[in-house]
Amino acid sequence: MTDCIYNFSAGPAVLPESVLQQASTDLHSLNDSGIGVLEHSHRSSEITEVFSQAKENCRNLADIPSDYEILFLQGGASSQFFMIPMNLLQSDKTADYINTGAWSQKAIKEASMISTVHIAGSSESSKFDCIPTQLTFSKKPQYVHFTSNNTIYGTQWQHLPQIPSESTLVCDASSDLFSRPINVASHGIIYAGAQKNLGPAGVTMVIIKNNLIDLGPTNIPTMLQYRTHVKANSMYNTPPVFCIYVVGLVLQWAIRFGGLIELQKYNEAKATMLYDFLDNSDFYTSPVKKDSRSMMNICFKTSSEALDAAFIAEARNKGLSGLKGHRSVGGMRASVYNAFPEEGVSELIEFMKSFEKSH
Ligand SMILES: *Cc1c(COP(=O)(O)O)cnc(C)c1O
C-alpha cells in the first residue's frame with residue numbers, strides 16, 4: 001500500500017481535505033458550543049445557522065435568483081424521479097424526456113407511472129456514446145427533463161437543450177452541479193444527490209422556481225409535496241443535519257476556490273490532460289464522441305476485458321482507487337469531480353504509460 005490514495009470513485013466520492021478536517025473538529029464541538037454537530041437538535045440556533053449559511057453559500061456560489069428556493073431533501077436524486085412528475089405533471093398532460101442512458105431511463109420509468117412520457121431525443125441506438133442532437137418535442141410538454149452529465153457513460157451536455165418556449169426545463173445535475181457556471185434562470189428545477197460533487201450521501205439538493213412549488217396536488221403524501229418543504233425551510237421532519245452541514249462546508253470551499261468559473265477551469269484542465277493522452281494512445285480508447293465528453297467521469301478501455309481487469313487491479317495497488325467502470329458498461333472510469341486533485345490525474349497518466357509498456 002502506498003500512503004497517498006487517489007480516489008477516482010464515482011460516488012460517494014472524494015471531498016476536500018479542509019472540509020474533512022473542519023468536520024472532524026466539529027464532530028466534538030460545533031462553534032465552541034461544547035456539543036458536536038451530530039448531537040445538536042435540528043431546531044437549535046447552531047443548526048439553524050448551519051442551514052441558513054449553507055443556503056446562502058449556495059445562492060452566492062451559483063448566483064441563484066431570489067425567485068428560486070433551495071431545498072435539502074432525502075430519498076436521493078432517485079426520489080426526485082417521481083416527486084417531479086407527481087408535482088408538475090397532470091395526468092392528462094405529457095412530459096418530454098431526453099434519454100442519455102441509465103439515469104434518464106430511471107427518471108422516465110417513474111414519470112411513466114404518473115402520465116404520458118414523450119422521448120424527445122435519445123442516444124440509445126449508439127449505446128449512449130453521445131448527447132443526442134436531434135430533439136423532437138411533443139405538442140405542449142409540461143416540462144422537459146434531461147440529465148446534464150451521465151455518470152455511467154461519461155457524457156455531458158455542453159450547452160442547455162433548446163426547448164419549446166412555454167415549457168419548463170428540469171435537470172438532473174447529480175454528477176456535475178457546481179462543476180461549472182450554471183444558468184439557473186433557464187431552469188424550472190435543478191436537482192442533485194450530494195454524494196458526487198457536493199458532499200456526503202444522504203441529502204439531495206433541489207433548486208426550484210417559486211411558480212412551480214404550488215402546482216402539485218394536495219392529495220399526495222405530505223412529504224412528497226414541494227410546498228411542504230418550502231414552508232418548513234427543509235425542516236418539516238428531522239433533516240439529514242450532518243449531510244447538510246458538510247454540503248455547506250463544501251460550498252464554502254468552492255467559494256474560496258474562486259467560484260464556478262475557477263472550478264470549471266480546474267476541471268477542464270484535469271479532463272483535457274486525460275483526454276489528450278487517450279487521443280494520442282493506440283493502447284487505450286475513449287468510447288465517447290468528442291463533442292459529448294464529460295469533464296467529470298472519463299471512461300476509457302484497453303483492447304480486452306482481461307486487460308481492463310488487470311489494469312484496475314494494478315492501479316489499485318499503486319494507490320489509484322475506484323477506476324472500475326460501472327458494472328453495466330465495463331472498462332475504466334476516472335471520476336474527477338471538483339475536489340479531485342490535478343496531481344491524481346498526472347499520476348494516473350504515468351501509471352497508464354507504465355502499464356502499457358509492461359503489457
Ligand atoms: C448517482 C446519480 C443518481 C442517483 O442518485 P441517488 O442519490 O443515489 O438516488 C441520479 N442521477 C445521476 C445523474 C446520478 O449520477
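The questions and answers below concern aromatic pairs and the ligand site in a predicted model.

Colleague: How many aromatic pairs does a search of the whole structure find?

Modeller: A pair of aromatic rings is described by the distance of the centres and the angle of the planes. Searching the whole structure for such pairs gives a total of 19.

Colleague: Is the pair of Tyr284 and Phe300 stacked or edge-to-face?

Modeller: Planes under 30 degrees apart count as stacked, and those over 60 as edge-to-face. The ring centres of Tyr284 and Phe300 are 6.1 Å apart and the planes stand at 80 degrees, so this pair is edge-to-face.

Colleague: How many residues apart in sequence are the parts that this pair, Tyr284 and Phe300, ties together?

Modeller: Tyr284 sits in the loop between α8 (260-279) and β11 (297-300), while Phe300 belongs to strand β11. The pair therefore links parts whose separation in sequence is 16 residues.

Colleague: What is the angle between the planes of Phe311 and Phe355?

Modeller: Phe311 and Phe355 form an aromatic pair with 5.1 Å from centre to centre. The pair is edge-to-face, and the angle between its planes is 80 degrees.

Colleague: Which helices hold Phe311 and Phe355?

Modeller: The pair ties together parts that are 44 residues apart in sequence, because its two members lie in separate helices. Phe311 is buried at 0% relative accessibility, and Phe355 is buried at 0% as well. Phe311 lies in α9 (residues 305-317) and Phe355 in α10 (residues 342-358).

Colleague: Which residues form one aromatic cluster?

Modeller: The cluster takes in Tyr284 and Phe300 as well as Phe311 and Phe355.

Colleague: Which helix gives the largest share of the shell around the ligand?

Modeller: The ligand is surrounded by 13 residues, with Ser78, Thr151, Asp172, Gln195 and Lys196 the closest. By class, the shell has 3 nonpolar, 8 polar and 2 charged residues. The largest share, 4 residues, comes from α3 (residues 76-88).

Colleague: How much of the ligand's accessible area does the protein cover?

Modeller: A backbone N or O atom of Ala77 is 3.0 Å from a ligand oxygen. In the side chain of Thr151, an N or O atom lies 2.4 Å from an oxygen atom of the ligand, and one in the side chain of Asp172 lies 2.6 Å from a ligand nitrogen. Of the 390 Å² of accessible area that the ligand has on its own, the protein covers 87%.

Notes:
Residues are numbered from 1 along each chain as its sequence is written. This is a predicted model: local features need pLDDT of at least 70, side-chain atom pairs count only at pLDDT 80 or more; totals for chains, interfaces and linings use all residues. Side-chain values use heavy atoms; hydrogens and water are left out. Rings of Phe, Tyr and Trp (its six-membered ring) pair if their centres lie within 6.5 Å; planes under 30 degrees apart count as stacked, over 60 as edge-to-face and the rest as tilted. Buried means under 20% relative accessible area, exposed over 50%, partly exposed in between (1.4 Å probe, protein chains only). A residue is near a molecule or strand if one of its heavy atoms lies within 4 Å of it. A polar contact is a pair of N or O atoms within 3.5 Å; within protein, one must be able to donate a hydrogen and the other to accept it, and residues adjacent in sequence count only if both atoms are side-chain atoms. Accessible areas come from the Shrake-Rupley method with a 1.4 Å probe; for residues, only the protein chains shown count as cover. Ala, Val, Leu, Ile, Met, Phe, Trp, Tyr, Cys and Pro count as nonpolar, Asp, Glu, Lys and Arg as charged, and the others, Gly among them, as polar.
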